[in-house]
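Subject: Structure handover and findings

Dear colleague,

Please find the structure below, followed by an account of what came out of it. I would be glad if you could read the notes alongside the model.

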Amino acid sequence: MAMFKVTIGALRTACEETTESIEEKLKKIPGVLRDRFRFFGSSSPIMKMPLDIMIDNIFPDLALEDILSLRRVNKCLYLLTHQPIIWRRFLIRMDFPIPPLRPTFEYSLPLTDYEIEQLVTQAITVDDNWRSPNPKIYNRRLLNGFHKINDICLLPGGKYLVASVMDVGCEGWYWIYLYVLDSPWGPRPVARIQTFSMAYDIQAKYVKLRPNEDGILIAYTRRFNKKRFVKSGVASKVSHEQHVDEHFRYNVVTVYAKLDDFEFLTAPNMNPDGGTYSFVLDHIDKPFLELGIADTSYEVTQSSIFEANGRTYMAMIAQPAEMHFINVLDKTEHSCCIFREHNSWPLSPYRIRAFRVYPKQNDMIVIRSVTPSPGVEHHLIEWYELPLYKGVVRLTAKARYTLQNKKVRKFVISDFGIPNQTKLHPSHPDLRHTQGPPPPVSIFLEREDPEGVEHHAIYPQQQLVPEAPGKPAHYKYIYNHDSYQMATHICGPNRAKILPGSTRALICMMDGQDTSDTPQMVSLRRYVHPRNAGIHYEPDPPPAAAEEDKDAFPVLARKPRLPMPKTGVFRTFFEAQDIVSEINAAGGLRAICWDESTGRICLASEGSTDIRILDCAHMVMPDARREEIQRKLEYVDEITPPPPPKEKGVEGGEGEGQAQGKGKGEGEVDAKAEATAELESSDMDSSDSDVPTDVETPRSMSDNDMDVD
């Protein structure tokens, strides 16, 4: 085992690079491409210009379209315009949300350089695509899940997918699988943990449960027959959304895994078919740790993971009228909340429909339904403070509004939060888009009789903070339960399944007559907030430019951002109709999820083990990008004449004899060696690995540590 610790430490060292300043990065760029530009054979003066001048003085004044146009000029400019320093500047200056940066995403790590450009292009194209009158699918792939899929959930940013699966070859075997979707070696499973019953309502988030350690926290719900020894199979064979005359016990289970382990296993240079990968799998600690199980005889209809007061909590609804809040690391910190009745209906039955904790606040929104008489149901949209005490707490609403006598099948609330406002890694930059108002919290109603969609949005209120010593005047934003009805859409005879988002949503239209567990699909539709809806905010003061960029603050793009549509806020993805037909031919829709920040959609059907991945934003897969760059490097090598011999005093050495005796000088970088090292895996073949890392028994967190020093 000691040998393994040394080996994995050496591998990590080979994969990583210390954080460097922009100046240090600029010094390296001429070393990579200097000779190729100098001897390219072009008479154009720009090809003879020093590269640091181009990158530091010319490129900052170019728009995004200009950089992409330069990329098409020749292969040398193609390589140059892929330099991450260019895309970091665009990333910092973007004034609308980008996909959340993973806690382990290292801004200066060469292996993730391609992700910086991808973040920029994803944010721009998904924003334009959702506002466009003709939304489209940019890319589609298949992931072999190896088992029947029950439920799926994407982590923020869309790189990892969590799935509840059932072993089709062995009845009664149920698992939670973690898949990586963005990998040069193709999407594949990475780890799994057994659940012993079908898991549903999966929630997954990046968390920091311990200092200096980032992880993934997963919460899922499962149920068992109260008579555990009676193998009726109803608990797992029948969907939790179907009413059955059975008595169950419900569990909400939280499991944790260190994110560093998954990042190492899914690194671009970690070939899943290679010996190193197999060696790591044989010696690595089991990744998942079961933190706790909340057990109840009441039906659990929703669970959620959130952070408050520096702690991480799991919250759940226990029907009909209880909510539980549990600290995932301290089970004694457990609050059971009961809500006071409305004064107009003090004796009527209530049930909790949905809830969500307001981001960065100790408040939450709770939706309850009250039935004052048979066939009549009112819905209370209420604002409560989070419980601060252990034990049973009776809460009184701070504010509410009522929806009178509407038939609502389901309420769903967005959980986008405020991405990238808090730095999750020391190397993450200060992003301009985190200034200004946070996104709204959106409430969607899946209505029935008539079938339709109704959208409400709660926008944060802007409050001026006066100037203080050392701090200029600025605005802060508070969610105080001011709601606006945004749009209503009648879609009968079809019914809508809504995947919510803060400013946009995905709507899956289903056959209204099909009430099975796996209904037939009709279409996929996008929804975006209508123009001139919500609140008008006063502009925040512009952020101070970084020191190295104070003289260059470029325009992001020549083409202006598409406006929100006044009409046509619902539009169909016509390019996805063949996917809809494939899903229906395979028995209907089994599971669907999406990531609002990237526009990534994942679907699973009843009769197939495949997961279909649809990207509604422009993405270049790591394998395709690296192979294309490698081809252009080889072409440039072919047409590049050898450089003339260097004399004494020339940069990079003190004469040919010394260069042969001592190798390259300290200030000289061999372009071919460095570029080849960066692209050493270019001859890869996309393949799936069906050897995930198992875990079968929980252990203490201290036992789960892996020493990588």
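Among contacts in the protein chain (heavy atoms within 4.5 Å) between residues at least 6 apart in sequence, 66% join residues at least 24 apart. This is a predicted model, in which local features need pLDDT of at least 70 and side-chain atom pairs count only at pLDDT 80 or more, while totals for chains, interfaces and linings use all residues. Residues are numbered from 1 along each chain as its sequence is written, and side-chain values use heavy atoms, with hydrogens and water left out.

The protein chain holds 14 helices and 31 strands, taken as DSSP runs numbered from the N terminus (helices: H or I, at least four residues; strands: E, at least two). Of its 709 residues, 56% are buried, where buried means under 20% relative accessible area, exposed over 50% and partly exposed in between (1.4 Å probe, protein chains only).

Salt bridges

Side chains of opposite charge can pair when their charged atoms come close. With a salt bridge defined as a side-chain nitrogen of Lys or Arg within 4 Å of a carboxyl oxygen of Asp or Glu, the count comes to 30. One of them joins the side chains of Asp615 and Arg141 (3.9 Å, N to O), and this pair links distant parts of the chain, with Asp615 in strand S31 (residues 610-615) and Arg141 in strand S1 (residues 139-144), 474 residues apart. Both Asp615 and Arg141 are buried.

A salt bridge also forms between Arg600 and Asp182, whose closest N and O atoms are 2.9 Å apart. Here too distant parts of the chain are linked, since Arg600 belongs to strand S30 (residues 600-605) and Asp182 to the loop between strand S4 (174-180) and S5, 418 residues apart; Arg600 and Asp182 are both buried.

In a further salt bridge, Asp415 and Arg356 have their closest N and O atoms 3.8 Å apart. Asp415 lies in the loop between strand S19 (408-413) and strand S20 (441-447), and Arg356 in strand S14 (residues 350-357), so the pair ties together parts that are 59 residues apart in sequence. Asp415 is partly exposed, with a relative accessible area of 34%, whereas Arg356, at 11% relative accessibility, counts as buried. Salt bridges that share partners join Arg141, Asp182, Arg600 and Asp615 into one network.

A charged residue without a salt bridge

Which side chain of opposite charge is nearest to Arg525? That side chain is Glu451, 13 Å away, and Arg525 is buried yet has no salt bridge; for charge, Lys and Arg count as positive and Asp and Glu as negative, with His and the chain ends not counted. Arg525 sits in strand S27 (residues 521-528), and, leaving aside neighbours within four places in sequence, its contacts include His489, Ala505, Phe570 and Phe573.

The sheet S2-S3-S4-S5

Four strands form an open antiparallel sheet in the order S2-S3-S4-S5, two strands being paired if DSSP finds at least two bridges between them. The edge strands, each pairing on one side only, are S2 (148-154) and S5 (188-194). Six bridges join S2 to strand S3 (residues 160-166), and the bridge partner of Cys153 in S3 is Val162.

Met166, also found in strand S3, counts as buried at 19% relative accessibility. Beyond its neighbours within four places in sequence, Met166 is in contact with residues including His147, Trp173 and Tyr174.

Best regards
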